[in-house]
Amino acid sequence: MDPLSDVLSLLKPRSYLSAGFDAGGDWAIHFARNVGIKCYAVVSGQCWLGVDDVPEPVLLQAGDCFLLPGGRPFRLASDLALPSVDAQPVFAQAREGGVARYKGGGDCFLVGSRFTLTGNASMLLGMLPPIVHIRTETDKAALRWSVERMMQELREPQPGGYLIAEHLAHMMMVQALRLHMADSAGSGVGWLFALADKQMGAAINAMHADPARRWTLLTLAEQAGMSRSSFALKFKQTVGTSPLDYLTRWRMLLAGDRLTHSGDPTAVIALSLGYESESAFSTAFKRVMGASPRHYGRRQTLAPWSQNDAETVSAR
């Protein structure tokens with residue numbers, strides 16, 4: 001798989017609620033803090049989006065898609081100056097996976113989904129802004145089919161519709177991340193944005209394809225077609241960490257997933273990731289993941305994402 005698919009596979013995003021929202025007249029809805037990612041698209045009409053601790057509201061127009069990665073409370077409204085009502089009773093009126101209508105509907109229609117994540121969510125969420133807004137015509141065209149298809153599934157329920165809506169929500173989220181990655185190339189810092197760079201992307205792809213290999217700075221620089229010194233400098237500037245530190249962190253994330261889900265012994269996992277010594281692996285794992293391999297799997301079963309992840313995201 002490619003690195004973005006690798007990371008999303010580890011996080012196992014699950015869309016547990018896909019729904020439509022059809023509002024009319026003057027309206028304002030408040031959504032409480034949540035864990036995970038919310039992904040919405042405006043099918044028709046327009047509305048304002050206000051997110052807690054984000055100074056400027058965003059005007060959303062037909063075709064716009066947006067991600068809210070940090071779980072912050074937010075408001076959607078025809079006018080943000082209006083008093084808002086809580087979203088929960090509004091959406092409770094609709095059947096699961098259906099369309100919630102407010103004040104008769106007809107003026108603004110949105111579709112979207114909420115995703116929960118497992119594992120070390122900060123690897124993705126920690127580098128995303130509070131609002132990822134997809135609004136250029138070219139980008140909206142790339143999302144149009146999945147948005148329109150989800151609208152149809154929600155408005156015209158058929159057998160298997162819940163599963164189709166869930167897959168469409170995944171498509172919307174991945175496509176939005178792709179577009180944000182491309183738009184932020186050259187300005188954002190982190191592995192997600194580095195994938196848009198041909199040289200850095202080649203090195204990251206190589207590490208993900210064969211994490212157990214005894215990579216050195218030289219062999220990774222060769223993957224990128226660069227000198228060792230130039231590669232090390234550019235990797236640090238674009239990813240925010242050194243190549244070998246990135247490799248170690250990726251190995252530990254893979255190990256954490258296997259410790260949580262596979263039941264494989266620590267020695268087997270260590271060997272499969274290029275560590276000949278279980279003690280060396282355990283030392284690296286505790287340094288990166290904050291817990292020993294023995295305790296990590298048990299800790300991860302207690303919550304869909306760790307307290308450290310929540311603190312990382314809320315600090316943005």
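Which helix is glutamate 166 found in? You will meet the answer in the second view below.

View 1. Welcome to a predicted model, in which local features need pLDDT of at least 70 and side-chain atom pairs count only at pLDDT 80 or more, while totals for chains, interfaces and linings use all residues. Residues are numbered from 1 along each chain as its sequence is written, and side-chain values use heavy atoms, with hydrogens and water left out. The pLDDT is the predictor's confidence in each residue, from 0 to 100. Its mean over the protein chain is 86, and 92% of the residues reach 70 or more. Over residues 302-316, however, the pLDDT is below 50, although this stretch has 29 contacts in the model beyond near neighbours in sequence. Where pLDDT is low, the predicted coordinates should not be read in detail.

**View 2. Glutamate 166 is found in helix α5.** Helix α5 covers residues 161-183. Here, helices (H or I, at least four residues) and strands (E, at least two) are DSSP runs, numbered from the N terminus. Is glutamate 166 buried or exposed? Glutamate 166 counts as buried because its relative accessibility is 16%; buried means under 20% relative accessible area, exposed over 50%, and partly exposed in between (1.4 Å probe, protein chains only). Not counting residues up to four places away in sequence, glutamate 166 touches Arg14, Ser15 and Ser18, where contact means heavy atoms within 4.5 Å.

**View 3. Aspartate 22 sits in strand β1.** Strand β1 spans residues 14-23. With a relative accessible area of 8%, aspartate 22 is buried. Its side chain reaches the backbone nitrogen of glycine 106 at 2.8 Å. This is a polar contact, a pair of N or O atoms within 3.5 Å; within protein, one must be able to donate a hydrogen and the other to accept it, and residues adjacent in sequence count only if both atoms are side-chain atoms. Leaving aside neighbours within four places in sequence, the contacts of aspartate 22 include Val99, Tyr102, Gly106, Phe109 and Arg155.

**View 4. Five strands make an open sheet.** The order is β5-β4-β7-β2-β8, and the pairing is mixed. At the edges are β5 (58-61) and β8 (85-86), each pairing on one side only. Two strands pair if DSSP finds at least two bridges between them. Strands of a sheet pair through backbone hydrogen bonds, either parallel or antiparallel. Look at β4 (residues 46-51): 4 bridges join it to β5, and the two run antiparallel. Strand β4 also pairs with β7 (residues 74-77) in the antiparallel sense, over 4 bridges. Tryptophan 48 has leucine 59 as its bridge partner in β5 and alanine 77 as its bridge partner in β7. Cysteine 47 stands opposite leucine 60 in β5. The hairpin of β4 and β5 has 6 residues between the strands, and there aspartate 53 takes a positive phi near 70°.

**View 5. Strand β3 is mostly covered.** In β3 (residues 37-44), 6 of the 8 residues are buried. Which strands does β3 run antiparallel to? One is β10 (residues 108-116), joined to β3 by 7 bridges; another is β6 (residues 65-68), joined by 4 bridges. Cysteine 39 has serine 113 as its bridge partner in β10, while alanine 41 stands opposite cysteine 65 in β6.

**View 6. Helix α4 bends at leucine 143.** The bend is about 45°, taken as the angle between axes fitted to the seven residues ending there and the seven starting there. The 19 residues of α4 (residues 137-155) should span 27 Å at 1.5 Å a residue, and the end C-alpha atoms are 25 Å apart, which agrees. The expected span is 1.5 Å times one less than the number of residues. Among the buried residues of α4 are Leu143, Val147, Met150 and Leu154.

**View 7. Aspartate 197 caps the N-terminal end of helix α7.** A side-chain oxygen of aspartate 197 lies 3.0 Å from the backbone nitrogen of glutamine 199. Buried residues of α7 (residues 198-209) include Met200, Ala203, Ile204 and Met207. What covers the buried residues of α7 includes α1 (3-11), α9 (228-239) and α10 (243-261).
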